[in-house]
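The entries follow the order in which I looked things up.

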Amino acid sequence: MYCETCGQPTSPRRVVHEYYLSKISEIATLKDVVEAIEEELGIGMRELRAQRRNKDFVFGRHLYVRLAMDYTAKSTVQIGNFIDRDHTSILHLYKKKMEDDLELAYRRTGERLKAKLTSSLPSLS
């Protein structure tokens with residue numbers, strides 16, 4: 001069996017692995033996103049749903065929206081409902097420019113989320 005794009009030999013296990021990597025956005029759940037944020041920032045579901053505008057909570061919600069939009073196949077309505085927010089709030093947070101500290105947290109948390117999701121994939125060895 002050969003890879004159609006590079007022409008290199010490949011195995012069925014590699015094909016399955018690559019397929020699941022390409023489908024991460026369909027595998028991730030909103031709960032996975034919240035768990036990754038909790039590990040990174042110590043902000044859980046209760047804080048994300050809070051009505052307070054504490055800087056840390058707003059930062060956590062912004063990170064949640066970015067990750068949920070990029071790593072799940074959920075709609076803005078579903079993402080908003082999960083944290084008791086309107087879909088327009090989700091769109092506003094997603095369009096809002098990421099500051100340097102948010103971008104760093106986004107990258108680290110995104111990598112953690114990918115690692116968690118890919119750890120359940122079949123091993124290549």
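Entry 1, largest pocket. I sorted the lining of the largest pocket by class and found five nonpolar, three polar and five charged residues. Here Ala, Val, Leu, Ile, Met, Phe, Trp, Tyr, Cys and Pro count as nonpolar, Asp, Glu, Lys and Arg as charged, and the others, Gly among them, as polar. The model is predicted: local features need pLDDT of at least 70, side-chain atom pairs count only at pLDDT 80 or more, and totals for chains, interfaces and linings use all residues. Residues are numbered from 1 along each chain as its sequence is written, and side-chain values use heavy atoms, with hydrogens and water left out.

I noted 13 lining residues for this largest pocket, with V58, R61, R85, S89 and L93 nearest its centre. A pocket is, on a 1 Å grid over the protein atoms alone, an open set of points where a 1.4 Å probe fits, with protein on both sides within 12 Å along at least five of seven lines; lining residues have an atom within 4 Å of a point. The space in the largest pocket comes to about 240 Å³, a volume being the space filled by probe spheres set on grid points joined across faces, edges and corners.

I then asked which helix supplies the largest share of this lining. It is α7, with four residues; α5 (55-71) and α7 (87-95) each supply at least two. Helices are DSSP runs (H or I, at least four residues), numbered from the N terminus.

Two or more residues come from each of α5 and α8 (100-118), and α5 gives the most, five. By class I found four nonpolar, one polar and six charged residues.

I checked the length of α3 (residues 30-41): its 12 residues should span 16 Å at 1.5 Å a residue, and the end C-alpha atoms are 16 Å apart, which agrees. The expected span is 1.5 Å times one less than the number of residues. Its buried residues (under 20% relative accessible area, 1.4 Å probe, protein chains only) are L30, D32, V33, V34, A36, I37 and E40. G42 follows α3 with a positive phi, near 80°.

I located T72 in the loop between α5 and α6 (76-82). T72 is buried, at 5% relative accessible area. A polar atom of its side chain lies 2.5 Å from the backbone oxygen of A68, and the side chain of T72 also reaches the backbone nitrogen of K74 at 3.4 Å.

Key:
Buried means under 20% relative accessible area, exposed over 50%, partly exposed in between (1.4 Å probe, protein chains only). A polar contact is a pair of N or O atoms within 3.5 Å; within protein, one must be able to donate a hydrogen and the other to accept it, and residues adjacent in sequence count only if both atoms are side-chain atoms.
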